[in-house]
Amino acid sequence: MQAPELPVQTVSGFLEIAGVLDRRGEQGAVFEVSPETGDLVAFVFDPKSALGQRLLSQCVQNMPCLVEGVRARPLDSQAPATKVLGELGFSVSPSAWLGMIDAGDARVESALEEPEMQVKTRFGVVAVQEGDSSVVLNGQTVLSPQEESVRIVRHAPVGAEDVLLLQSGSGTACPALFQLLAVSAQGVQVSPKFGSCSDRVFAVVEEKRNQAPRLSIRMLGFAGPFEPEEEQRKAALKMVEFVYQQGALTLDGKPVPSQ
């Protein structure tokens, strides 16, 4: 199958791409949903090259990466080297492979939804109250008043549940903390507050054969403004992953404790 024809500016011009960074062995790629076609496109790079080293030093595995000034060319979909790319076990399968020729600056970006005060789930309307940031489902309080403002930043069907990611927190000491609200036909479950304090977050539903669907909430590590700059830099190059699956929220396979 031939790779789909892409706009000229995607192939030869400078562009900004926003996708998820993934590395498998001797190959790396940024996977972006093309804004022109809606197809998933892989921008491939050599991790050992100067370009690859720069991307890997500025972005984080399995997190959204914004890359400026990208130049790329289509790879022959029938070439043996391109076919090998499809066998490396990348987390997704793109419609087209492009080889990155050059790129400018890159950085990790958050990939949450636009903050909302109200969303409609399969089981009713969830709303954050303006005055005290309490949360109600169909008019019934499910989360008591909060000291800080709360916003809904992700709404995802996960199996038989609708899972909402709530964000609170502000300031430089701890920009963001999170809670999950899982709504189902059986009722509502509220998680403990959790997070690294980073507000660079990516929440994605993962579905694998013979496994219950789960919501992966990935975020950068965080060291506060009073920590040494080197510690802040190191923390921001690590990913922390919380997983919600069948009513359980875990970190590194261990339940997240109530605070």
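**Aromatic pairs**

I counted the aromatic pairs and got five, taking rings as paired if their centres lie within 6.5 Å. The model is a predicted one.

I looked up Phe-31 and Phe-90 next. Their rings form an edge-to-face pair, at 5.3 Å centre to centre and with 65° between the planes. Where do Phe-31 and Phe-90 lie? Phe-31 is in strand E2 (residues 27–33), and Phe-90 is in the loop between helix H3 (80–85) and strand E5 (96–102), so this pair ties together parts that are 59 residues apart in sequence. I checked burial too: both Phe-31 and Phe-90 are buried.

Then I turned to Phe-194 and Phe-242. This aromatic pair is tilted, with 50° between the planes and 4.8 Å centre to centre. Phe-194 sits in the loop between strand E14 (187–190) and strand E15 (201–206), while Phe-242 belongs to strand E17 (residues 239–245), so the pair ties together parts that are 48 residues apart in sequence. Phe-194 and Phe-242 are buried.

I also noted a cluster. Ring pairs link Phe-31, Phe-90 and Trp-97.

**A sheet**

Strands of a sheet pair through backbone hydrogen bonds, either parallel or antiparallel. I found an open sheet of four strands in the order E7-E8-E9-E10, and its pairing is antiparallel. Which are the edge strands? They are strand E7 (118–121) and strand E10 (140–143), and each pairs on one side only. From one strand to the next, the twist averages 25°.

Strand E8 (residues 124–128) and strand E9 (residues 135–137) are antiparallel and share three bridges. Ala-127 has Val-136 in E9 as its bridge partner.

Technical notes: Residues numbered from 1 in each chain as written. Predicted model: local features only at pLDDT ≥ 70, side-chain atom pairs only at ≥ 80, totals over all residues. Heavy atoms only, no water. Phe/Tyr/Trp six-rings, centres within 6.5 Å; stacked < 30°, edge-to-face > 60°. Helix = DSSP H or I, 4+ residues; strand = E, 2+ residues; numbered from the N terminus. Buried < 20%, exposed > 50% of the residue type's maximum accessible area, 1.4 Å probe, protein only. Pairing = 2+ DSSP bridges. Axes fitted to C-alpha atoms, helices over the stretch in contact; angles between N-to-C directions.
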